[in-house]
Amino acid sequence: MKKRIRLTVSLLVFVLMLGITGCAKSENTKATYDTEMMTEITEVLVQSFVNMGEDQLNQFKETSEFSLNYTLLQSGLPIQSEEFISVIDSWQAAINECGAYESHGEYQTKVTGDGVEVTTEVTYADKKADMTVLFNEKSYVESMTIDAHYGTGEILKKAGLNTLLGMGTVFAVLIFISFIISLFNYIPAIQAKFGKKEAASPAVAPVMANEPEEELSDDLELVAVISAAIAAYEGTSSDGFVVRSIKRKTTNKWN
């Protein structure tokens, strides 16, 4: 396994050394890309992934970021560790969806505002797909996308499944909302039930609290009336005597 990785790294270095000669032509021109070198890098990536098994590709994912960047730097491959893992994920996803790799066609390059796109048609065991490798303005690999070709039946099947999933989700949410709204009918009854309990307990307290004050107020009025009556009878002022207590009789008869 280690021999295969060393062989792949050596192949990458060899191919990149061949592509360095083409960089001198566009060294002083920002708008010019060495598309031939980018095509060679794309071919190196494809052939490296084809020769590696699933376990070897997964080993790159388990490698630390520092170690992977060091390995890529030694190989001369213009790609960072994060983007390299993303490219591996795209390759593995295509294999899982389209089957084993068989071949690919000629590479086509297209200069865009963000860099260069290298595209080709790839033939897998189950279906064909379009592969696009994107290089940024610094000629570094940014991403790899592989879009499978689907027949009319597969497209309709996926569209139907997406429609059912979307409609099912909407109806499920509507049913849940309807259930929540139906619970609102019980809120007034619950509020009334708890409201009666809260109102019943403090009703007695104010009456009991106010009774002594009301009795004291009545006694003071009665004292004032009696004092005035005695003062009028004696022909004196009410300031000359004090009423100590008042006792109510149990009967209404006057003796």
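Modeller: Let's take the labels in turn and set each value against its cut-off.

Modeller: Keep in mind that this is a predicted model. The chain has eight helices and five strands, in the order α-α-α-α-α-β-β-β-β-β-α-α-α.

Biologist: Why is α3 called roughly antiparallel to α5?

Modeller: Helix α3 (residues 54-62) and helix α5 (residues 81-98) pack at an angle of about 150°. Angles over 145 degrees count as roughly antiparallel, so α3 gets that label against α5. Their axes are 10 Å apart, and the crossing is left-handed.

Biologist: How do you know which residues of α3 and α5 meet?

Modeller: Contact means heavy atoms within 4.5 Å. On the α3 side that picks out E54, L57, N58, F60 and K61, and on the α5 side F84, I85, I88, D89, W91 and Q92. Sorted by class, that contact has six nonpolar, two polar and three charged residues.

Biologist: Why is S139 called buried?

Modeller: Buried means under 20% relative accessible area. S139 comes in at 18%, so the word applies. You'll find S139 in the loop between β4 (128-135) and β5 (141-148). S139 also has a positive phi, about 65°, although it is not a glycine. Across the chain, buried residues make up 24% of the 255 residues.

Biologist: How do you know that the reach of helix α2 is close to the expected one?

Modeller: Compare two lengths. Helix α2 (residues 35-51) has 17 residues, and 24 Å is expected at 1.5 Å a residue. From first C-alpha to last, α2 reaches 24 Å, so it is close to expectation.

Biologist: Which residues of α2 are buried?

Modeller: They are M37, M38, I41, T42, V44, L45, V46, S48 and F49. A handy rule for reading such a list: an α-helix has 3.6 residues a turn, so residues three or four places apart point the same way.

Notes: Residues are numbered from 1 along each chain as its sequence is written. This is a predicted model: local features need pLDDT of at least 70, side-chain atom pairs count only at pLDDT 80 or more; totals for chains, interfaces and linings use all residues. Side-chain values use heavy atoms; hydrogens and water are left out. Helices (H or I, at least four residues) and strands (E, at least two) are DSSP runs, numbered from the N terminus. Buried means under 20% relative accessible area, exposed over 50%, partly exposed in between (1.4 Å probe, protein chains only). Axes are lines fitted to C-alpha atoms, for helices over the stretch in contact, and angles run from 0 to 180 degrees between N-to-C directions. Angles under 35 degrees count as roughly parallel, over 145 as roughly antiparallel, 65 to 115 as roughly perpendicular and the rest as oblique. A crossing is left-handed if the near helix is turned anticlockwise from the far one by less than a right angle, and right-handed if clockwise. Ala, Val, Leu, Ile, Met, Phe, Trp, Tyr, Cys and Pro count as nonpolar, Asp, Glu, Lys and Arg as charged, and the others, Gly among them, as polar.
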